[in-house]
Each structure stands twice: as structure tokens, then as C-alpha cells.
Number of protein chains: 2
Amino acid sequence: MGATKSDHFTQKQNDIATIAKAFAHPARVAILEYLLKVDACICGDIVNELPLAQPTVSQHLKELKNAGIISGNIEGNAICYCIDEKVWEKNRKIFETLFERINKKKTCC
Amino acid sequence: MGATKSDHFTQKQNDIATIAKAFAHPARVAILEYLLKVDACICGDIVNELPLAQPTVSQHLKELKNAGIISGNIEGNAICYCIDEKVWEKNRKIFETLFERINKKKTCC
DNA sequence: AATGTTTATCGTAATATTGCAATATTAAAA
DNA sequence: TTTTAATATTGCAATATTACGATAAACATT
């Protein structure tokens, strides 16, 4: 096969997996770090920052957009991408909650 | 192609992507949530908990193990898996740092 | 209107991931 | 030692992801 059986898992589990998938490629991490760094919406110079061809970057941007993490505004003939702070905060909480669910009293291993 | 050009990105970016990839499948999230919940190292009943065949679960366990997130101890003829708290804590910090790097002063979008 | 710039989409190739049946391995139990 | 139970590995099919050249679409500029 190869198709994930997402219908057999909880909504929450699928949500976490989907967000994680958006972060699961160094190019997308690089895009997000760039957007975090420049502290302003930056357009197509993301392409110049990355060691990838323009269509590839466009594809990664699309995935981040589909995940809701970034949004794009038309600005002249360029497009201005930036992080959606609301979604970013939501995702931060989801991961924080997951990571904090650990129980410190070891029983074995 | 299809092969990630990981050599063109920073170590940190690749690290984040690798950790995220481990969380990027609902089955693996389900395994981790189960291990978090039972608060003890649980062995092969992970297979019974998941809607997947034994070899598939074994494969997901292997990926989590390769990512360093869990470790397996032989316990009789069963194997006891549990979360590596040190790695868990390290990963928690990595994501916390990433998520907190956001700058609240919006400039556009 | 013609041209240039920027970004998206299409088509396609290479590779990776997911899933499972069959089988191997390992160690306990009989 | 044979059997049984638990887990891993192999082999393979289906699907997804990554990457990019070619091209299209959108818009500004000339």
C-alpha cells in the first residue's frame, strides 16, 4: 500500500501527524525560520535563500499554506508570505501539551 | 527525484525535520500516546491497541527507535518499549525554542 | 499592446513511505 | 527437544513525496 490509514486513528492523532508533516522537511523548516527571522512578510526572495529551484520552493510554500501555517498576500506582482500567528500559537500549544504529558516516575527501561 | 537535499540545509534544520518526521504519522503518534498513558513500559500489546498488522507496527516502532524517541528492553520473550525521557526532553526544548521564536509585532498580513 | 518579472501549475522521473503476507528469529514453556 | 508465543525481517505492491524543466498566469512597466 502506502496510503496512511488515517480513518483508524483519532482526529487529534491525525492533527498532530499533519502538523508534524509540515515541519518534516528541512526546506520547510528553513522557510519558516526565514519568515521568523525577517520579522516581516517576505515575498519571493525565499527562493533566493533556499538551495532549491523556484517550482520546488513554490510547492513547499503550498504545503505550508495548506497546513494553515503561513498565508500569502498579493502585493503588486509579488506575493508576500507570512506566518499565521494564530495557527502558530495553536500548534505551539498542541505540541507543548503532547510533550508535557510525560510521566517522570520511571517504572523501567 | 524524491530524495531530500538534506546536505544543503543546516544541521539544526535537518534535526527538526527528522524529529518532526517521527511524529508525522498517526500510528506513531498513537504509539507514543499509548506509552505516555500507560506510564510504564509496555510490550507487544501496542499491536493490539493499533488497527494495523503486527509487521506494520513493528516497522513504526523501529522508526521511533531509530529517531531515539523510544528504546526497547528484552523482557523474557517479549520486548518492553518505553519513551527515552532524555531525548523526549531534548526534543521538547527544540520545538519549544522554535515555536517561541515568533515575533509578535506584526508588520503585515 | 508588447515585454519583463514574479509566482503557480503541469508533467514526469526518482525516491521514500506505508502496509501486509510470509517467514525468520528468539526465548519461554511444555 | 519440540512446541508455543512474541517480535523482527524480507519481499513486494500501492501510494506519497521531492525535485525540476517547461509552461502558464498575473501583474507592472514600457
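Chain A contains five helices and two strands, where helices (H or I, at least four residues) and strands (E, at least two) are DSSP runs numbered from the N terminus, and along the sequence these elements follow the pattern α-α-α-α-β-β-α. This is a predicted model, in which local features need pLDDT of at least 70 and side-chain atom pairs count only at pLDDT 80 or more, while totals for chains, interfaces and linings use all residues. Residues are numbered from 1 along each chain as its sequence is written, chains are lettered from A and ligands numbered from 1 in the order in which they are written, and side-chain values use heavy atoms, with hydrogens and water left out.

**Overall form of chain A**

- The radius of gyration of chain A is 17 Å, whereas a compact globule of 109 residues would have one near 13 Å; the radius is taken over C-alpha atoms, and the globule rule is 2.2 Å times the number of residues to the power 0.38.
- Taken along the principal axes, the C-alpha atoms of chain A fill a box of roughly 60 × 35 × 25 Å.
- Of the 109 residues of chain A, 42% count as buried, where buried means under 20% relative accessible area, exposed over 50%, and partly exposed in between (1.4 Å probe, protein chains only).
- Among contacts in chain A with a separation of 6 or more, 48% are accounted for by residues 24 or more positions apart, a contact meaning heavy atoms within 4.5 Å.

**Helix H4 of chain A**

- In H4(A), the residues Val57(A), His60(A), Leu61(A) and Leu64(A) are buried.
- These residues cover an arc of only 100° around the axis, which puts them on the same side of H4(A); the arc is that of the directions from the helix axis to the C-beta atoms.
- On the other side of H4(A), Pro55(A), Gln59(A), Lys62(A) and Asn66(A) are exposed.
- The cover over the buried residues of H4(A) includes helix H1 (11-23), helix H2 (26-38) and helix H3 (45-49), together with strand E1 (70-75) and strand E2 (78-83), of chain A.
- H4(A) is followed by Gly68(A), which has a positive phi, near 85°.

**How the two copies are related**
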